[in-house]
Amino acid sequence: MYELIVGHTPFFHEERLECYRRIINSDTELRFPPRMQSKASLMIRGFLNPNANFRLGNRQSGFDDIKKHDWFRSALTTKFDWDGLRLRSLRAPYRPSTLD
């Protein structure tokens, strides 16, 4: 989600060890651009919580925590079709033209 919104991975660094250090220290190293909505950054922080017991989607309510997150209610103008996603019947919002 971070990469789709920002355009690069949250802990990217040319040197692999520095990348690992950033991941291990994600509580202080994870930064968001000012233009990112706070609801999106809260959701990403929830996914990347170092403690798996508190990670979004891994708590007692499971996947429902993700489905009920404020970002999904605020980012979309219509209700998200979770059943369509589960049934794989959703149409892509953008379909590039092809030569074939």
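Visitor: Is Arg21 buried, partly exposed or exposed, and what is its relative accessible area?

Guide: Happy to! Arg21 is partly exposed, with a relative accessible area of 34%; here buried means under 20%, exposed over 50%, and partly exposed in between, with a 1.4 Å probe and protein chains only. Please bear in mind that this is a predicted model, in which local features need pLDDT of at least 70, side-chain atom pairs count only at pLDDT 80 or more, and totals for chains, interfaces and linings use all residues. Residues are numbered from 1 along each chain as its sequence is written, and side-chain values use heavy atoms, leaving out hydrogens and water.

Let us stay with Arg21 for a moment. Arg21 forms a salt bridge with Glu18, the closest N and O atoms being 2.6 Å apart; the term asks for a side-chain nitrogen of Lys or Arg within 4 Å of a carboxyl oxygen of Asp or Glu. Both residues lie in helix α2, three residues apart, about one turn of the helix. Helices are DSSP runs (H or I, at least four residues), as strands are (E, at least two), numbered from the N terminus. Arg21 also meets the side chain of Glu29 in a salt bridge, at 3.2 Å from N to O.

Glu18 has another partner in Arg22, with 3.4 Å from N to O. Glu18 and Arg22 are four residues apart in helix α2, so about one helical turn separates them. Arg22 is partly exposed, at 23% relative accessibility. Put together, Glu18, Arg21, Arg22, Glu29 and Arg31 are linked in a network of salt bridges, and the whole structure has six salt bridges.

Helix α2 covers residues 16–24 and also holds Leu17, which is exposed at 68% relative accessibility. With Tyr20, Ile23 and Ile24, Leu17 makes a nonpolar surface patch of about 460 Å². Patch residues have over 30% relative accessible area and no salt bridge; like charges are joined within 9 Å, and nonpolar side chains (Val, Leu, Ile, Met, Phe, Trp, Tyr) within 5 Å. The areas come from the Shrake-Rupley method with a 1.4 Å probe, and for residues only the protein chains shown count as cover.

Now to the inside. The largest nonpolar core has 14 residues, and those with the most contacts inside it include Tyr2, Met43 and Trp71. Such a core joins buried Ala, Val, Leu, Ile, Met, Phe, Trp, Tyr and Cys residues through side-chain atoms within 4.5 Å. Helices α1, α4 and α6 (70–75) each give two or more residues to this core, and α4 supplies the largest share, three residues. Tyr2 itself is buried, at 6%. Tyr2 and Phe32 form a tilted pair, 5.7 Å centre to centre with 55 degrees between the planes. Rings of Phe, Tyr and Trp (its six-membered ring) pair if their centres lie within 6.5 Å; planes under 30 degrees apart count as stacked, over 60 as edge-to-face and the rest as tilted. Tyr2 lies in helix α1 (residues 2–6) and Phe32 in the loop between α3 (26–29) and α4 (38–47), so the pair ties together parts that are 30 residues apart in sequence.
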